[in-house]
Amino acid sequence: MDIKKIINLSKKPKLFERGDQKFWDDPHISKKMLEVHIDPEFDAASRSYEFMEESIDWLVERILTGKDQNILDLGCGPGFYSKGLAEKGYSVTGIDLSKRSIEYAKEQIESEELDVEYKVQNFLELDYDQKYDAVIMMYCELGALTNQERDKLLEKVNNALKPGGLFIFDVFTAKKREEHELNKNWEAVQQGFWAENPYVSLTETFFYPEADTYLNQTIVVNEDDEISLYRIYEHYYDKGTITKVLDNFGFINHSFYSDLTGKKYSSNSRTLAVVTEKL
């Protein structure tokens, strides 16, 4: 085992320095992620079924006017929102980097005549021109991007929207950050989230207060002494910081809520939901 390499990797990295391993499209990890997504009682990868149903109802009744609209669902995962909105009469395109999640989403609509299309695609590579009436991005995925990736995505979202189109998304707030202790932990298992074979994992959380960002870093060592490094960043926002970002990309008329069921905004909420409009 290369102890020196592990020690070196354990040091706090530069802000937004990525790991060396795939995450969303890793065959084993994507399988475990899908299991979490479709677990109705688990609220870590997807929201609960009850929350998503309430969220879809709110979008349909209060935010998305008319049914003759094209909607783009970024990071659609197993397609819960895409399918739900299509069932309400909308035309939906869902894209996700996980081939496994997209295959699952397609299976769920095989026997239904819904106006929904799924694509395996990195949403940072969008290439649409004023095609959509609304773009949705659920479960705080915007905060998982580096600032550079975020800015690239916002530019592409703006291009994809028709004039007056809506961008609907949520982000975590500092209240969520307070739940993460800056500690270290480890596990040794025969099989688990990170690999289907025996491994030891070393996880640590780092905080970057100057950038309102924290990092969950995991070093995985398998039985062949191969070392893998996974880094998952989370940039949290408040009304002021997200407004500044959106203003820079020509979005206007921002509306804020505590979550994507339309609950009234509260500074004590662990999430911040945003509905903003393309100029």
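**Burial, packing and pairing**

Reader: Which residues of H4 are buried?
Author: Helices (H or I, at least four residues) and strands (E, at least two) are DSSP runs, numbered from the N terminus. Buried means under 20% relative accessible area, exposed over 50%, and partly exposed in between, using a 1.4 Å probe and protein chains only. In H4 the buried residues are Phe80, Tyr81, Ser82, Lys83, Gly84, Leu85 and Ala86.

Reader: What kind of model is this?
Author: Residues are numbered from 1 along each chain as its sequence is written, and side-chain values use heavy atoms, leaving out hydrogens and water. Local features need pLDDT of at least 70, side-chain atom pairs count only at pLDDT 80 or more, and totals for chains, interfaces and linings use all residues: the model is predicted.

Reader: How many of the eight residues of H4 are buried?
Author: H4 covers residues 80–87. This helix is mostly covered. Of its eight residues, the buried number is seven.

Reader: What is the phi of Gly89?
Author: Gly89 follows H4. Its phi is positive, near 110 degrees.

Reader: At what angle do H3 and H4 pack?
Author: Two packed helices are described by the angle between their axes and the distance between the axes. Axes are lines fitted to C-alpha atoms, for helices over the stretch in contact, and angles run from 0 to 180 degrees between N-to-C directions. H3 covers residues 49–63, and its axis is 10 Å from that of H4. The angle is about 45 degrees.

Reader: How does H3 stand to H4, and why?
Author: Angles under 35 degrees count as roughly parallel, over 145 as roughly antiparallel, 65 to 115 as roughly perpendicular and the rest as oblique. The angle of H3 with H4, about 45 degrees, therefore makes the pair oblique.

Reader: Is the crossing of H3 and H4 left-handed or right-handed?
Author: A crossing is left-handed if the near helix is turned anticlockwise from the far one by less than a right angle, and right-handed if clockwise. The crossing of H3 and H4 is right-handed.

Reader: Which residues of H4 make the contact with H3?
Author: Contact means heavy atoms within 4.5 Å. H3 contributes Tyr49, Phe51, Met52, Ser55, Ile56 and Val60. H4 contributes Phe80, Tyr81, Gly84 and Leu85.

Reader: How many nonpolar residues does the contact of H3 with H4 have?
Author: Ala, Val, Leu, Ile, Met, Phe, Trp, Tyr, Cys and Pro count as nonpolar, Asp, Glu, Lys and Arg as charged, and the others, Gly among them, as polar. The contact has two polar and no charged residues. Its nonpolar residues number eight.

Reader: Is Gly75 buried or exposed?
Author: Gly75 lies in the loop between strand S1 (70–74) and H4. Its contacts, not counting residues up to four places away in sequence, are Ile95, Asp96, Phe123 and Glu141. With a relative accessible area of 15%, Gly75 is buried.

Reader: What separates the C-alpha atoms of Gly75 and Ile136?
Author: Along the chain, Gly75 and Ile136 are 61 residues apart. Their C-alpha atoms are separated by 8.9 Å.

Reader: Which strands stand at the edges of the seven-stranded sheet?
Author: Two strands pair if DSSP finds at least two bridges between them. This open sheet has the order S3-S2-S1-S4-S5-S11-S10, with mixed pairing. Each edge strand has a single partner, so one side of each is left without a neighbour in the sheet; the edges are S3 (116–120) and S10.

Reader: How many of the six residues of S6 are buried?
Author: S6 (residues 184–189) pairs with S7 over six bridges. S6 lies largely in the open, because its number of buried residues is zero.

Reader: Which residue of S8 stands opposite Leu202?
Author: S7 and S8 pair in the antiparallel sense over ten bridges. Leu202 in S7 stands opposite Trp186. In S8, its opposite is Ile219.

Reader: What is the phi of Asp212?
Author: Asp212 sits in the loop between S7 (199–208) and S8 (213–222). At 25% relative accessibility, Asp212 is partly exposed. Its phi is positive, though the residue is not glycine: near 50 degrees.
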